[in-house]
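Subject: Structure handover and findings

Hello,

Here is the structure you are taking over. The notes on what was found in it come after it.

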Amino acid sequence: MMKRRSFLFNTAVVAGSFAVPSMAKGSEEKKKPELTVAHITDVHIRPEDNIPARAKEWLDLVKGHEPDFFLNGGDSIHDASYTGVSRERMLEQWEVWDEFRDGIKDYEVYSCIGNHDIWWDVPSKEDKMYGKPYVSKRLGIPGNYYSFSKGNWHFVVLDSNHKGVTLGEEQMAWLEKDLGNLPANTPTIVMSHYPITSITDSLVGGQHSDHKELKALFYNNRDKVKACLSGHQHMLDRVWYNGVSYFCNGSLSGFWWGDGDEQSAGPQFYLETPPGYAILKLYEDGSFENEYYALREPYQ
């Protein structure tokens, strides 16, 4: 079994202040979470290089945490988005995704659409496989953005594959309404493929360009929005601002299932981030933990 290294981010808002509860051994036994959620992202599955079997092996480790359900952050297949991707190539990637998804068929999986999931190079826009609707169908989601509730918690899944990496006017209006209709103090998790706010943007670019508008919306709903989850960057970071934690949770594929390059800190690392996944523990009082489990060790 592969060694794992974990990164723990434990946050709670107490009387308007930011607190990091002690995780020292010997402290009082922690209360039981209302929900345990697995966040996987950027699987980038494809049939080559024994990737389906490797992905299944790591998926079994995720299942070992006994999550209540999965959040999938997008880029489920390796790539259908570039010019010259054939119908056959796009379909063979979705076929191995279906095999991967069958490994968690007993779990609910709530997915968002990644930029690499969408087939654009289609002879006709009337083709049923063109664009986002086909991806939604393959992922088994109700649309390119949606929300749902579990227990005391509310979850929002966004589509950041809009012009300029934004939500666009229609989706932004929907999000304002969705949050506004929630009862006061409803703890809420927001998931998007691209980070909304991230340190990684200053390193490699790639976050929402409407982050200021979203920041203002979250501030107006600061009794509700607790955390935002993302992928896309294949890098691990956390930003905390105005009471919201923004977690970019690495990627299951690491360096797209490759060994890495001269900038990789370890095998299959993207820069200094190992491949991995996150487990969230959500509590009834609105507090939460986000723990990242690394699936590779750095070079010694």
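N185 sits in the loop between α4 (168-180) and β8 (188-191); helices (H or I, at least four residues) and strands (E, at least two) are DSSP runs, numbered from the N terminus. With a relative accessible area of 56%, N185 is exposed. Buried means under 20% relative accessible area, exposed over 50%, and partly exposed in between (1.4 Å probe, protein chains only). Between the C-alpha atoms of N185 and R222, which are 37 residues apart along the chain, there are 8.4 Å. If neighbours within four places in sequence are left aside, N185 is in contact (heavy atoms within 4.5 Å) with D223 and K224.

On provenance: this is a predicted model, in which local features need pLDDT of at least 70 and side-chain atom pairs count only at pLDDT 80 or more, while totals for chains, interfaces and linings use all residues. Residues are numbered from 1 along each chain as its sequence is written, and side-chain values use heavy atoms, with hydrogens and water left out.

Next, S76. This residue is in the loop between β4 and α2 and is buried, at a relative accessible area of 0%.

Helix α3 (residues 131-139) has seven of its nine residues buried, so the helix is largely enclosed by the rest of the structure. Those buried residues are G131, K132, Y134, V135, S136, R138 and L139. They pack against β4 (69-72), α2 and β5 (109-111). After α3 comes G140, with a positive phi near 70°.

The criterion used is a side-chain nitrogen of Lys or Arg within 4 Å of a carboxyl oxygen of Asp or Glu. The structure holds eleven such bridges. Three of them are described here:

- E108 and K150 are joined by a salt bridge at 2.4 Å, N to O. E108 lies in the loop between α2 and β5 and K150 in strand β6 (residues 146-150), so this pair ties together parts that are 42 residues apart in sequence. E108 is partly exposed, its relative accessible area being 41%.
- R46 and D49 meet through their side chains at 3.8 Å, N to O. R46 counts as buried because its relative accessibility is 11%, whereas D49, at 55%, counts as exposed.
- K56 and D60 form a salt bridge in which the closest N and O atoms are 3.5 Å apart. The two are four residues apart in helix α1 (residues 51-63), so about one helical turn separates them. Both ends are partly exposed: D60 has 36% relative accessibility and K56 has 48%.

Last, the surface charge. E95, E99, D102 and D106 form a negative patch. Patches are made of residues with over 30% relative accessible area and no salt bridge, with like charges joined within 9 Å and nonpolar side chains (Val, Leu, Ile, Met, Phe, Trp, Tyr) within 5 Å. Lys and Arg count as positive and Asp and Glu as negative.

Regards

Notes. Accessible areas come from the Shrake-Rupley method with a 1.4 Å probe; for residues, only the protein chains shown count as cover. The place of a charge is taken as NZ of Lys, CZ of Arg, CG of Asp or CD of Glu.
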